[in-house]
Amino acid sequence: MQDNWLIKGAIKDAQSVTAEWRSADTALIEGVRLQEVKNVVKQNGFLTELYRRDWALDGGVVDQVFQVRLAPGGLSAWHAHGLTTDRLFVGEGTLKIVLYDGRQDSVSYRKINVFRCSHVRPMLIVIPPGVWHGVHNIGADTATLINMVDRAYDYSNPDHWRLAPDTPQIPYCFGDDLAKDALAG
């Protein structure tokens, strides 16, 4: 193959999925679970299962369910919990969910997972305590994120820790990723 058509600075896309349509980066952070689900087409729309106990993704209970709506370009990062397990599901729109393992005793310490999620190809991501995560709306419309936590929010003593989106403590920059997404189209 001749490469005289290449323009200097062009970057070849990395593999994102396998031939079986599974994510090419299958090395998940320790304790993170992923369940891809399928939309069931009905005569009047479609049905999507968000969570089932028999998926056996974790042994926890669902203690609270809430949704977050993010405007186009909206970013919520970074945050983590000391005790709470998050179960994230994109109900509408397109979100990038980035995880960072901050647990020093974890075999995947400092590993990053990046998921592009949408209502078109639904998935449930289970995030254990101690894993930092950020959510970025990379779509053109408002997106809905549904969270099914194992511990309800404690108003008087929140199990919620935050870092700035551009913290040097986590080796991931949402701004750099915006440029990569623009190149990827």
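**Figure 1. Secondary structure of the predicted chain.** The chain of this predicted model contains one helix and 12 strands. Helices (H or I, at least four residues) and strands (E, at least two) are DSSP runs, numbered from the N terminus. Along the sequence, the elements follow the pattern β-β-β-β-β-β-β-β-β-β-β-β-α. Residues are numbered from 1 along each chain as its sequence is written, and side-chain values use heavy atoms, with hydrogens and water left out. Because the model is predicted, local features need pLDDT of at least 70 and side-chain atom pairs count only at pLDDT 80 or more, whereas totals for chains, interfaces and linings use all residues.

**Figure 2. Overall dimensions and surface.** The C-alpha trace spans about 60 × 50 × 30 Å along its principal axes. The accessible surface comes to about 11800 Å², of which carbon and sulfur atoms hold 52%. Accessible areas come from the Shrake-Rupley method with a 1.4 Å probe; for residues, only the protein chains shown count as cover.

**Figure 3. The open sheet of five strands.** The strand order is β8-β7-β10-β5-β12, with antiparallel pairing. At the edges stand β8 (112–118) and β12 (161–162), each of which pairs on one side only. Two strands are said to pair if DSSP finds at least two bridges between them. In general, strands of a sheet pair through backbone hydrogen bonds, either parallel or antiparallel.

**Figure 4. Strands β5 and β10.** Strand β5 (residues 75–80) and strand β10 (residues 131–137) run antiparallel and are joined by three bridges. Opposite His-79 stands His-133 in β10.

Figure 5. Leu-70 belongs to strand β4 (residues 64–70). With a relative accessibility of 7%, Leu-70 counts as buried. When neighbours within four places in sequence are left aside, Leu-70 is in contact (heavy atoms within 4.5 Å) with Leu-75, Ser-76, Val-135, Asn-137, Asp-141, Thr-142 and Ala-143. The C-alpha atom of Leu-70 is separated by 17 Å from that of Ala-164, 94 residues apart along the chain.

Technical notes:
Buried < 20%, exposed > 50% of the residue type's maximum accessible area, 1.4 Å probe, protein only.
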